[in-house]
Amino acid sequence: MPKVFYTQPDGAERVVDGKVGDSVMRTAVQNGVAGIVGQCGGVLSCATCHVFLAEGELDAYPPVSEDEDEMLDCAATDREPNSRLSCQLVLREGTDVHVTIPPEQL
Ligand code: FES
């Protein structure tokens, strides 16, 4: 079972057991992790699921698509090179994920 490590802007960490096939966004929303809104439900039209993905895990996921790239430009907190929309990060067996939640999503 993959684990998702969510770090809040103040450094507080929450670890959640995820389900293979679920996204990092859905896992957060279902478990009440603060700071990930997921307003559009994962169809790349809100950017309220913005996270900073751990540098060492950037290559573990498909690259940012054109649509994700456009939405990241609309994120409430300025994007960084390791920014991703967490609805696009799908959990896989044996792969834990570490993300930091930005200070603002709306
Ligand atoms: S939940 Fe809306 S873009 Fe990810």
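# Buried polar residues, salt bridges and a nonpolar core

S23 counts as buried, at 9% relative accessibility. Buried means under 20% relative accessible area, exposed means over 50%, and partly exposed lies in between (1.4 Å probe, protein chains only). This is a predicted model: local features need pLDDT of at least 70, side-chain atom pairs count only at pLDDT 80 or more, and totals for chains, interfaces and linings use all residues. Residues are numbered from 1 along each chain as its sequence is written, and side-chain values use heavy atoms, with hydrogens and water left out.

**S23 and its surroundings**

- S23 sits in the loop between β2 (13-17) and α1. Helices (H or I, at least four residues) and strands (E, at least two) are DSSP runs, numbered from the N terminus.
- Not counting residues up to four places away in sequence, S23 touches S86, C87, L89 and V90. Contact means heavy atoms within 4.5 Å.

**The nonpolar core**

- The largest nonpolar core has 24 residues. Such a core is a set of buried Ala, Val, Leu, Ile, Met, Phe, Trp, Tyr and Cys residues joined through side-chain atoms within 4.5 Å.
- Y6, V24, I36, L85, V97 and V99 have the most contacts inside this core.
- Five elements are listed as giving two or more residues to this core: β1 (3-7), α1 (24-30), β3 (50-53), α2 (66-72) and β5.
- The largest share of this core comes from α1, with three residues.
- V24 touches V4, Y6, S86, L89, L91, V97 and V99, not counting residues up to four places away in sequence.

**Q105**

- Q105 lies in the segment after β5 (97-100).
- Is Q105 buried or exposed? Q105 counts as buried, because its relative accessibility is 9%.
- The side chain of Q105 reaches the backbone oxygen of G35 at 2.9 Å.
- A polar atom of the Q105 side chain also lies 2.8 Å from the backbone oxygen of H50.
- A polar contact is a pair of N or O atoms within 3.5 Å; within protein, one must be able to donate a hydrogen and the other to accept it, and residues adjacent in sequence count only if both atoms are side-chain atoms.
- Leaving out residues up to four places away in sequence, Q105 touches G35, I36, V37, A47, T48, C49, H50 and A76.

**S83**

- S83 has its place in strand β4.
- S83 counts as buried, at 3% relative accessibility.
- Which side chain makes a polar contact with the side chain of S83? The partner is H50, at 2.8 Å.
- The S83 side chain reaches the backbone nitrogen of E80 at 2.7 Å.
- Apart from neighbours within four places in sequence, S83 is in contact with H50, V51, F52, V64 and L72.
- S83 and G11 are 72 residues apart in sequence and 17 Å apart in space, C-alpha to C-alpha.

**Salt bridges**

- How many salt bridges does the structure hold? The structure holds four. A salt bridge is a side-chain nitrogen of Lys or Arg within 4 Å of a carboxyl oxygen of Asp or Glu.
- K3 forms a salt bridge with D17, and their closest N and O atoms are 2.9 Å apart. This pair links distant parts of the chain: K3 is in strand β1 and D17 in strand β2, 14 residues apart.
- K3 is partly exposed, with a relative accessible area of 32%. D17 is partly exposed too, at 43%.
- R84 and E68 meet in a salt bridge through their side chains (2.9 Å, N to O). R84 lies in strand β4 (residues 83-85) and E68 in helix α2, so the pair ties together parts that are 16 residues apart in sequence.
- R84 counts as buried at 5% relative accessibility, and E68 counts as buried at 1%.
- R79 forms a salt bridge with D73, with the closest N and O atoms 2.7 Å apart. Salt bridges that share partners join D69, D73 and R79 into one network.
- R79 counts as partly exposed, at 30% relative accessibility, whereas D73 counts as exposed, at 56%.

**A charge over a ring**

- R92 lies over the face of Y61, at 5.3 Å from the ring centre. A charge sits over a ring if NZ of Lys or CZ of Arg is within 6 Å of the ring centre and within 35 degrees of the ring normal.
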